[in-house]
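Please keep the picture beside you while you go through them.

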Amino acid sequence: MEIILGIIVIYVSVLVILYIFQRTLMYHPSENNYFGDKLEVNIEKVNIKTSDNINLLGWFHKKDLNKFKTIVYFHGNAGTLDNRIHKLNHFKDMDVNFLIIAWRGFSGNEGKPTEEGLYIDGLGAVNWIINQGVKEEDIILYGESLGTGIATEIAQNKNFAGVILETPFTSMINAAKEFYPYIPVNLLLKDRFENFKKIKNINIPILIMHGEQDTIVPFKMGKKIFQLANEPKYFYSTKHDDHMMVYDESMIKTLKNFIQLN
């Protein structure tokens, strides 16, 4: 009996710790997988003020706002803007403008990340780019991993040029269950990012990209999101990519085609 009680106490203690520190486990602003890539595309560092008065760092590349589409890039749950340089460098060879923002609590920004806070950040980025004279129908939202949750939230019932989702998950609850199968995450999780519900409210062109070897977000989730998405929709996958997909010639061609198509 004492052994059983001890196990129960330990299990409940683990649940309490997970509940208290769950956002520390979800968001990793200090994680650094930056390998010294040098920016090869011209960017302007901009300040974006959110509706709740948080100042966000953004990198803005302006090629031609009237002639080309503009990508608003929402990055994942770890690292700084520097960690995306290896991706952004490829945009210089595309006919596209882009704005990438760092979330609250990331890249030296004030505040702490939460689901609602990141929605505010993402909307702030979109409003900022619209204030530069870009029309909604000339904007393409690009979500990477966690950023797919923000992209799907903002794209609902809107008339953007398109949405790109790289390694999307069905929901944060489902993703967490992959790592914590014996934990009642549906009861504990604060930030749920329910992409599987919101994808049905997106009625603009959508490109979903996922690697079959993804060890963070299972490939089956990307396939499920594609299944739920409305037409017109496109799917790009590779047999070798893990969670951070490689910007090889095939992916770059896919991105270019999607951008030009829309």
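1. Searching the whole structure, which is a predicted model, gives eight aromatic pairs, where rings of Phe, Tyr and Trp (its six-membered ring) pair if their centres lie within 6.5 Å, and planes under 30 degrees apart count as stacked, over 60 as edge-to-face and the rest as tilted. Y119 and F193 make an edge-to-face pair, with 5.8 Å from centre to centre and 80 degrees between the planes. This pair links distant parts of the chain, 74 residues apart, since Y119 belongs to helix α3 (residues 115-131) and F193 to the loop between α6 and α7 (195-198). Helices here are DSSP runs (H or I, at least four residues), numbered from the N terminus.

2. Both Y119 and F193 are buried, a word that stands for under 20% relative accessible area with a 1.4 Å probe, protein chains only.

3. F219, F226 and F235 are linked into a cluster by ring pairs. K233 lies over the face of F226, 4.8 Å from the ring centre, and the charged end of K190 sits over the ring of Y19, 4.8 Å from its centre; the criterion is NZ of Lys or CZ of Arg within 6 Å of the ring centre and within 35 degrees of the ring normal.

4. The buried residues of α1 are L15, L18, Q22 and M26, and they pack against α5 (172-179) and α6 (185-188), with contact meaning heavy atoms within 4.5 Å.

5. Local features need pLDDT of at least 70, and side-chain atom pairs count only at pLDDT 80 or more, while totals for chains, interfaces and linings use all residues. Residues are numbered from 1 along each chain as its sequence is written, and side-chain values use heavy atoms, leaving out hydrogens and water.

Notes: Buried < 20%, exposed > 50% of the residue type's maximum accessible area, 1.4 Å probe, protein only. Helix = DSSP H or I, 4+ residues; strand = E, 2+ residues; numbered from the N terminus.
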